Amino acid sequence: MAGKEASDEVAHKLKQNRFKDPIVVIATGFGLGWMPVAPGTAASLAAGAAYWLLISPLEYWIQAVATSLICGTSLLVLLALVRRYGYADARCVVLDEIAGVSVAFLFLPFDFWVFVVAFFLFRLFDIWKPMPIGWIDKRLRNALGILLDDLVAGGMACVIALAAWKIAVET
């Protein structure tokens with residue numbers, strides 16, 4: 001079966017099980033992935049707001065543990081999803097965006113504008129897919145690939161947002 005046809009078939013199976021299978025419920029961000037417009041952005045925004053309010057005010061080591069748990073749990077869920085339904089980086093699967101935005105927000109100073117910059121950079125990198133994000137997206141056709149391109153996008157967004165904050169604070 002061709003790539004697009006296989007992807008459409010997996011997306012159809014996910015839609016059939018969207019309220020029945022807990023793996024699908026979690027992978028679709030508890031329903032955010034079923035939004036008709038920009039489900040990845042909606043999930044990133046919801047997760048980013050929750051992260052900013054609940055995790056960012058905490059000590060850095062707690063942020064690191066929380067982000068590691070989010071990323072590790074995301075990988076386990078995506079592994080189960082791919083094993084059960086087959087590989088497809090379907091639009092409705094937004095757990096990777098949730099993990100990616102948590103990496104984008106990791107260790108940022110608790111300053112709202114820095115989070116806004118990190119959020120927009122993360123979405124830009126996730127959509128545009130500059131190197132190495134695009135390479136990961138095209139080459140790793142498995143659960144790790146679904147997650148890793150978003151984690152790299154989050155890491156790039158975090159580094160640039162931190163640099164922008166550092167420049168703004170020192171000038």
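Trainee: How do the residues lining the second largest pocket divide into nonpolar, polar and charged?

Mentor: Keep in mind that this is a predicted model. The lining of the second largest pocket divides into six nonpolar, two polar and four charged residues.

Trainee: OK, helices now. At what angle do α4 and α5 pack?

Mentor: Helix α4, residues 60-85, and helix α5, residues 95-105, pack at about 160 degrees. Their axes are 9 Å apart. That angle makes α4 roughly antiparallel to α5.

Trainee: Is the crossing of α4 and α5 left-handed or right-handed?

Mentor: Left-handed.

Trainee: Which residues meet there, α4 against α5?

Mentor: From α4, the residues are Q63, T67, I70, C71, S74 and V77. They meet L95, I98, A99, S102, V103 and F105 in α5. By class, this contact has eight nonpolar, four polar and no charged residues.

Trainee: What about α5 and α6, at what angle do they pack?

Mentor: About 135 degrees, with the axes 9 Å apart. Helix α6 covers residues 112-128. The angle makes α5 oblique to α6.

Trainee: Which residues make the contact of α5 with α6?

Mentor: α5 contributes E97, G100, V101, A104 and F105. α6 brings F115, A118, F119, F122, R123 and D126. The contact of α5 with α6 divides into seven nonpolar, one polar and three charged residues.

Trainee: And is that crossing of α5 and α6 left-handed or right-handed?

Mentor: The crossing of α5 and α6 is right-handed.

Trainee: Back to α4. How do its axis and that of α8 cross?

Mentor: The axes of α4 and helix α8, residues 143-170, cross at roughly 145 degrees. They come within 8 Å. This crossing is right-handed.

Trainee: Which residues in α4 meet α8?

Mentor: C71, S74, L75, L78, L79 and V82 do. On the α8 side, the partners are A143, L144, I146, L147 and L151. By class, the contact of α4 with α8 has 10 nonpolar, one polar and no charged residues.

Trainee: Switching to backbone. Is the peptide bond from M131 to P132 cis or trans?

Mentor: It is cis, with omega near 0 degrees. P132 is found in the loop between α6 and α7, where α7 is 133-139.

Trainee: Last one: what phi does A38 have?

Mentor: A positive phi of about 50 degrees, although A38 is not a glycine. A38 lies in the loop between α2, 22-27, and α3, 39-54.

Definitions and conventions
Residues are numbered from 1 along each chain as its sequence is written. This is a predicted model: local features need pLDDT of at least 70, side-chain atom pairs count only at pLDDT 80 or more; totals for chains, interfaces and linings use all residues. Side-chain values use heavy atoms; hydrogens and water are left out. Ala, Val, Leu, Ile, Met, Phe, Trp, Tyr, Cys and Pro count as nonpolar, Asp, Glu, Lys and Arg as charged, and the others, Gly among them, as polar. Axes are lines fitted to C-alpha atoms, for helices over the stretch in contact, and angles run from 0 to 180 degrees between N-to-C directions. Helices (H or I, at least four residues) and strands (E, at least two) are DSSP runs, numbered from the N terminus. Angles under 35 degrees count as roughly parallel, over 145 as roughly antiparallel, 65 to 115 as roughly perpendicular and the rest as oblique. A crossing is left-handed if the near helix is turned anticlockwise from the far one by less than a right angle, and right-handed if clockwise. Contact means heavy atoms within 4.5 Å.
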